[in-house]
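The following note sets out, in numbered points, some remarks on the contacts between chains.

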Number of protein chains: 4
Amino acid sequence: MSDKFDAGVLDCAVLNERLRRGPYHRWLGVQVVQATTGEIVVEVPWREEFVVNPDAGYTHGGILATVVDLVADWALVTQLGRPFPTVDLRVDYHRPALKGTLRATGTVIRLGSTFSTCEAYVHDEAGKLVASGRGTYATAVK
Amino acid sequence: MSDKFDAGVLDCAVLNERLRRGPYHRWLGVQVVQATTGEIVVEVPWREEFVVNPDAGYTHGGILATVVDLVADWALVTQLGRPFPTVDLRVDYHRPALKGTLRATGTVIRLGSTFSTCEAYVHDEAGKLVASGRGTYATAVK
Amino acid sequence: MSDKFDAGVLDCAVLNERLRRGPYHRWLGVQVVQATTGEIVVEVPWREEFVVNPDAGYTHGGILATVVDLVADWALVTQLGRPFPTVDLRVDYHRPALKGTLRATGTVIRLGSTFSTCEAYVHDEAGKLVASGRGTYATAVK
Amino acid sequence: MSDKFDAGVLDCAVLNERLRRGPYHRWLGVQVVQATTGEIVVEVPWREEFVVNPDAGYTHGGILATVVDLVADWALVTQLGRPFPTVDLRVDYHRPALKGTLRATGTVIRLGSTFSTCEAYVHDEAGKLVASGRGTYATAVK
């Protein structure tokens, strides 16, 4: 697996350039702020369009699910050199996420030759845990 | 629970007006096309921003997770009169979703006094199943 | 995949003989009662050891998780000729399961060349839904 | 919530006495070996009946799911004084679990007034991670 490895995968500028090739990532405004082997940290600035409920100002669960999937997958990039297709995703919602930058950490739980599992924690601007989850990725795909 | 019921929850025009109060729903362009008690069908037209991988044109898993959460939650609207907070979400990805309108069906599996479970199936324009999943909702919330 | 197929996989007597080679299946007393292509139905008779809470008589969630995994995996047997390793499992608990035979149905949601997804519904003796769920199976494993 | 708290919930002997009131826990032979606030560690000795595949000697996924549910739920006991009904469960299978004592750790991710989330890691006798997962518990139930 590691023949795809490239020192650039621990360099935030390189990771951001690659991450932001994806139109949805650009729309989200997501930025990698930290990367070590097996762990990645991103920030997602607030957008008015994230809101599901205009009275309460809650962020849509789908935005939080996106962030969980994104950091779980990109945790793999720090070890395997690229993202992989998501097989399935689990997201737990802990508190409403209100206006403010989200900060999320993705960590590799276990690398496998066919499937790999990663977990993710999403915090709000005040540092409170708003969502967490895990994803399975098809790491055998060529 | 049913004191919150209102005949309007089976009327697509009324449902769309309520659904589209959410800024993220408007951004998605989602439309309810069918509603019966316990089941809702929506369509989501393509947006260039949905893409995660500009070479392959794949839709981001977070968009599909959003659609799963949305129709699972709005299936509850047809029985309980309003959406409820998502407790947790499971999404399975079956095939890459390429350019084209998504069509998704949400169904109530079980209504409970504290939490309820719904499932969702998302098809692409050719009618192929691209994702499916289920969500738990906090239906006791006042 | 279908070179492993064998007409016996739709014959309950043959399926039971194979299923019951597993010591845990024998302990559970599980029996296949119906099998069609892509769907299997089993019954699990009550055992006093299933109980988690001796005051209330509730069946342990792990027993219900076992039944979900078992019928999801054996739904694959009806199409691919054998069970496959579980990648991950999701189980939703709908009602306490009390003393009485459990009846569970497993269905293939989607067959894939690397992984496949199945779902399961578990009913109690009165026909009430006590648990449901889905599993991902590594169907590429040789 | 903490009015149900009792210093005994951090005492392994007391926890084991309570845990082993459950017939299925006795059958599993599970023992609490460590308990701190928000975290519990148990050991489950091998039983021949755990096997699903008599040729390969693999432990049934349902046994591992049981252990995930059990330690996730009993992590709550160390903070809330008692176990709670499982709402739903996610289990990831990382490696086949062969003959040998299982050691599992359950941790509270987040305590809530209605729902709480816990995670679990299960290791084999050699210290390898064989399964992990998370559960949602209905902590509002009286």
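1. In β5(D), D:Leu89 is the bridge partner of C:Val91. The two strands concerned, β5(C) and β5 of chain D (residues 86–93), pair in the antiparallel sense over five bridges. Strands are DSSP runs of E with at least two residues, helices are runs of H or I with at least four, and both are numbered from the N terminus; two strands pair if DSSP finds at least two bridges between them. Strands of a sheet pair through backbone hydrogen bonds, either parallel or antiparallel.

2. This is a predicted model, in which local features need pLDDT of at least 70 and side-chain atom pairs count only at pLDDT 80 or more, while totals for chains, interfaces and linings use all residues. Residues are numbered from 1 along each chain as its sequence is written, chains are lettered from A and ligands numbered from 1 in the order in which they are written, and side-chain values use heavy atoms, with hydrogens and water left out.

3. Chain C has 28 residues in contact (heavy atoms within 4.5 Å) with 28 residues of chain D. The two chains bury about 2400 Å² between them, 57% of it on carbon and sulfur atoms; buried area is the accessible area (1.4 Å probe) that two parts lose on being put together, summed over both. Of the area that chain C buries against chain D, C:Tyr24, C:His60 and C:Tyr93 supply 23%, more than any other three residues.

4. Four salt bridges are found across the interface of chain C and chain D, the criterion being a side-chain nitrogen of Lys or Arg within 4 Å of a carboxyl oxygen of Asp or Glu. In one of them, C:Asp55 is joined to D:Arg21, with the closest N and O atoms 3.1 Å apart.

5. Which elements of chain C each supply at least two residues of the side that touches chain D? They are α2 (23–28), β3 (51–53), α3 (61–80) and β5 (86–93) of chain C. The most comes from β5(C), with eight residues.

6. For chain B and chain A, 28 residues of chain B are in contact with 28 residues of chain A. The buried area is about 2300 Å², 57% of it on carbon and sulfur atoms. In chain B, the residues that lose the most area to chain A are B:Tyr24, B:His60 and B:Tyr93, together 23% of what that side buries. The rule finds four salt bridges across this interface; B:Asp55 forms a salt bridge with A:Arg21, the closest N and O atoms being 3.1 Å apart.

7. Strand β5 (residues 86–93) of chain A pairs with β5(B) in the antiparallel sense over five bridges. Within this pairing, A:Leu89 has B:Val91 as its bridge partner in β5(B).

8. An open sheet of 12 strands runs in the order β1(A)-β2(A)-β6(A)-β7(A)-β8(A)-β5(A)-β5(B)-β8(B)-β7(B)-β6(B)-β2(B)-β1(B), with antiparallel pairing. At its edges stand β1 (31–36) of chain A and β1 (31–36) of chain B, each with a single partner strand, so one side of each is left without a neighbour in the sheet. The partner strand β2 (residues 39–44) of chain A pairs with β1(A) in the antiparallel sense over five bridges, and A:Val32 stands opposite A:Val42 in β2(A).
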